[in-house]
Amino acid sequence: MFLSDNRSLPPIQIRETQTLMQFHNLNVNKSLLRIIKQAGYTEATPIQSQTIPHILDGRDIVGCAQTGTGKTAAFVLPIIQTLDANPAKGFIRVLVLAPTRELAAQIDEEFDRFSQRSRLKHAVIFGGVGQQPQVDAIRRGVDILVATPGRLLDLMNQKIIRLNRVEVFVLDEADRMLDMGFIHDVKRIIRTLPQKRQTLLFSATMPQEIQDLSRNILSKPVKVEVDPQATTVDKIAQSIFFVEGTEKRKLLKHILEDSASERVLVFTRTKHRANNLAKQLSRARIPAEAIHGNKSQTARTRALANFKSGRTSILVATDIAARGLDIDDVTHVINFDLPNIPESYVHRIGRTARAGASGIAYSFCDIDERAYLKDIEKLIRQRITVIPDHPYKSEFKAPPPASSLPSKTRKLRRRRRR
């Protein structure tokens, strides 16, 4: 049962295992096994094999995992199985909070895919679209609700949604919630939940505020870390191009002329820059669309659908698309602008090399972005390979890693920071 009191159970910490397990070894029932097989899955990913049995046992979970590791199915499958085994009607039993509309929709799609043989009802709510269809779905009754914080609070304030009987609470992409300024909304929502519940928290990184939150809302959790925090995927070939800012667009067109660039995510630092770059590429007869927070939900959904189907080969995005989106067969990620937050680099390039495939990540660095590059290399603990020969190369040199600086220089820099 989900509602078992597990406060007396000891905490467990599990590190990544490379051993792939079959789903039938994870206590997954026959009905779900048939659906999993129909979906084309044969072996569980590390996070699935390490979390599913504990979720079925009613344990709280802290899952530290990058997107693309299969973490959505890691909580969707055991939730469906347990709710099916303990039917109840007329109230929301599971709440899943996600930071973005796209991620919320993706999670709801996973519930839809794996609940085909059950009578469970699920719904997704988010802002940017009219609320009436979402309200109608809630009033018809749902077992599982996937939501973004803003729209959920709106409907709670209107007395349309009550969370007083939630049995399972899932907080997905917790660090992204923090980055986007939603953490206070999340805390307001948590205060309305029953004390006696199962809580599953997933986060790619564990900043201090998320660690503090997890200690407050989880009880004796199993901690599963299937990827060392803020590390890059081994199968991604990473390269850096030193280029003047004014020459970046020409370099991008030069790279996109390569026939191997079949499905490319291009990241910019601002929404305005994403729009302009997509327009410039389109004028150059390179099919491209932009996606960012200022786009309407309809426009964002259409751009993603076109990119996934192959109608558009280039998607220009801000960091909103770097987290939580499951886009298959991305051949290249190009950082047109280096991110000023080094963790964002990891999340961006993680859009390629998914499901065991290899991938390529190119980054453009102008003279003003050298400090960003240094922070990224410090985080990933490696130097990114420099492409020295290209038509638009800049003459400035990369900053040396901190460890290679003379000790006196390092001390001087530390004093200046103070």
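Which residue is the bridge partner of phenylalanine 267 in β14? I looked it up, and the partner is alanine 317.

**Ground rules.** I am working on a predicted model, where local features need pLDDT of at least 70, side-chain atom pairs count only at pLDDT 80 or more, and totals for chains, interfaces and linings use all residues. Residues are numbered from 1 along each chain as its sequence is written, and side-chain values use heavy atoms, with hydrogens and water left out.

**Sheet.** I traced an open sheet of 7 strands with parallel pairing. Its order reads β13-β14-β12-β15-β16-β11-β17. β13 (288–291) and β17 (385–386) stand at the edges, and each has a single partner strand, so one side of each lacks a neighbour in the sheet. I took strands (E, at least two residues) and helices (H or I, at least four) as DSSP runs, numbered from the N terminus. Two strands count as paired if DSSP finds at least two bridges between them.

**Around β14.** I then checked both partners of this strand. β12 (residues 264–267) and β14 (residues 314–317) pair in the parallel sense over 4 bridges. Leucine 265 stands opposite leucine 315 in β14. β13 also pairs with β14 in the parallel sense, over 4 bridges. There, glutamate 289 has leucine 315 as its bridge partner. Next came the side chains. Ile314 and Val316 point one way from β14, while Leu315 and Ala317 point the other way. All of these are buried. I use buried for under 20% relative accessible area, exposed for over 50%, and partly exposed for in between (1.4 Å probe, protein chains only). In a regular strand the side chains alternate between the two faces of the sheet.

**Salt bridges.** How many salt bridges does a search of the whole structure find? I got 16. The criterion is a side-chain nitrogen of Lys or Arg within 4 Å of a carboxyl oxygen of Asp or Glu.

- Aspartate 319 and arginine 348 meet at 2.7 Å, N to O. Aspartate 319 lies in the loop between β14 and β15 (332–335) and arginine 348 in helix α13 (residues 342–349), so the pair ties together parts 29 residues apart in sequence. Both residues are buried.
- Lysine 187 bridges to glutamate 209, with the closest N and O atoms 3.8 Å apart. Lysine 187 is in helix α8 (residues 183–190) and glutamate 209 in helix α9 (residues 208–217), so this pair ties together parts that are 22 residues apart in sequence. Lysine 187 is partly exposed at 30% relative accessible area. Glutamate 209 is partly exposed at 32%.
- Lysine 250 bridges to glutamate 247, the closest N and O atoms being 3.8 Å apart. Lysine 250 is partly exposed at 43%, and glutamate 247 is partly exposed at 22%.
- I also noted a network of salt bridges that links Lys248, Arg269, Arg273, Asp337 and Glu369.

**Surface.** Which residues form a positive surface patch? I listed Lys89, Arg119, Lys121 and Arg140. Arginine 140 is found in helix α5 (residues 132–140). Arginine 140 is exposed, with a relative accessible area of 61%.

Note on methods:
Patch = residues over 30% accessible without salt bridge, like charges linked within 9 Å, V, L, I, M, F, W, Y side chains within 5 Å. Areas by Shrake-Rupley, 256 points an atom, 1.4 Å probe, with all protein chains shown as cover. Lys, Arg positive; Asp, Glu negative; His and termini not counted. Charge placed at Lys NZ, Arg CZ, Asp CG, Glu CD.
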